[in-house]
Amino acid sequence: MSEKQQIRITVNGIEKQLEVEPRLLLVHALRDELGLTGTHIGCDTSQCGACTVLLGGEAVKSCTVLAVQADGMGVTTVEGLGQMGNLHPVQEGFWEKHGLQCGYCTPGVMMTAVGLLQQNPNPTEEEIREGLEGVICRCTGYQNIVRAVQYAADRMNSANSEAEVAASGSGDQK
Ligand code: FES
Ligand code: FES
């Protein structure tokens, strides 16, 4: 057996120290070592996207990354997105637009959507479909998932404009 390595990962804002086998996948570290089972495993061929998390702010399939590669980095899982009463706009979008059925793919789809909206806050429908290409949903037919992401983009853009107006208003005050 290969020697374990000490790693530090900041998961959902909290620094975690782990001792892991060098071959341990990030998805297993999250689920089995840290108990974050919201990150799902839907295949063994790196195709389904159910395991998607943000690593260093970018959406990655956590079954394609070794835990040791995440050493020193920040990871956001679906558990870190929002809570009841304070949902992330992407979570709200899935709720409002019925973007899920069985929900198995949903954590990965949502994390992919968050990554997409960080890079492109105002995507067209085509860009949303392209951005979600790496995640597979067997239930919904994708239409409501696209609507959910559009809803989230609108919410995030209007929140940003409100924040800008508020900032410019406070700047006027002497
Ligand atoms: S579990 Fe299917 S892509 Fe990672
Ligand atoms: S909601 Fe069932 S796989 Fe997507």
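How many nonpolar, polar and charged residues does the lining of the largest pocket have? It has 8 nonpolar, 5 polar and no charged residues; here Ala, Val, Leu, Ile, Met, Phe, Trp, Tyr, Cys and Pro count as nonpolar, Asp, Glu, Lys and Arg as charged, and the others, Gly among them, as polar.

This is a predicted model, in which local features need pLDDT of at least 70 and side-chain atom pairs count only at pLDDT 80 or more, while totals for chains, interfaces and linings use all residues. Residues are numbered from 1 along each chain as its sequence is written, chains are lettered from A and ligands numbered from 1 in the order in which they are written, and side-chain values use heavy atoms, with hydrogens and water left out.

**The pocket.** Select Gln91, Phe94, Leu100, Thr106 and Met110, which lie nearest the centre of the largest pocket among its 13 lining residues. Helix 2 (89-96) and helix 3 are the elements that give two or more residues to this lining. On a 1 Å grid over the protein atoms alone, a pocket is an open set of points where a 1.4 Å probe fits, with protein on both sides within 12 Å along at least five of seven lines; lining residues have an atom within 4 Å of a point.

**Helix 3.** Next, select residues 106-119, which form helix 3. Helices (H or I, at least four residues) and strands (E, at least two) are DSSP runs, numbered from the N terminus. Because 12 of its 14 residues are buried, helix 3 is largely enclosed by the rest of the structure; buried means under 20% relative accessible area, exposed over 50%, and partly exposed in between (1.4 Å probe, protein chains only). Thr106 and Met110 are among the buried residues.

Now display the open sheet of 5 strands, whose order is 2-1-5-3-4, with mixed pairing. Strand 2 and strand 4 (58-61) stand at the edges with a single partner strand each, so one side of each has no neighbour in the sheet.

Select residues 5-11 and 14-20: strand 1 and strand 2 pair in the antiparallel sense over 7 bridges. Two strands pair if DSSP finds at least two bridges between them. Glutamine 5 has valine 20 as its bridge partner, and threonine 10 stands opposite glutamate 15. In the turn of this hairpin, asparagine 12 has a positive phi of about 50°.

**The last stop.** Finally, select aspartate 71, in the loop between strand 4 and strand 5 (74-76). At 39% relative accessibility, aspartate 71 counts as partly exposed.

Methods: Expected span 1.5 Å × (residues − 1).
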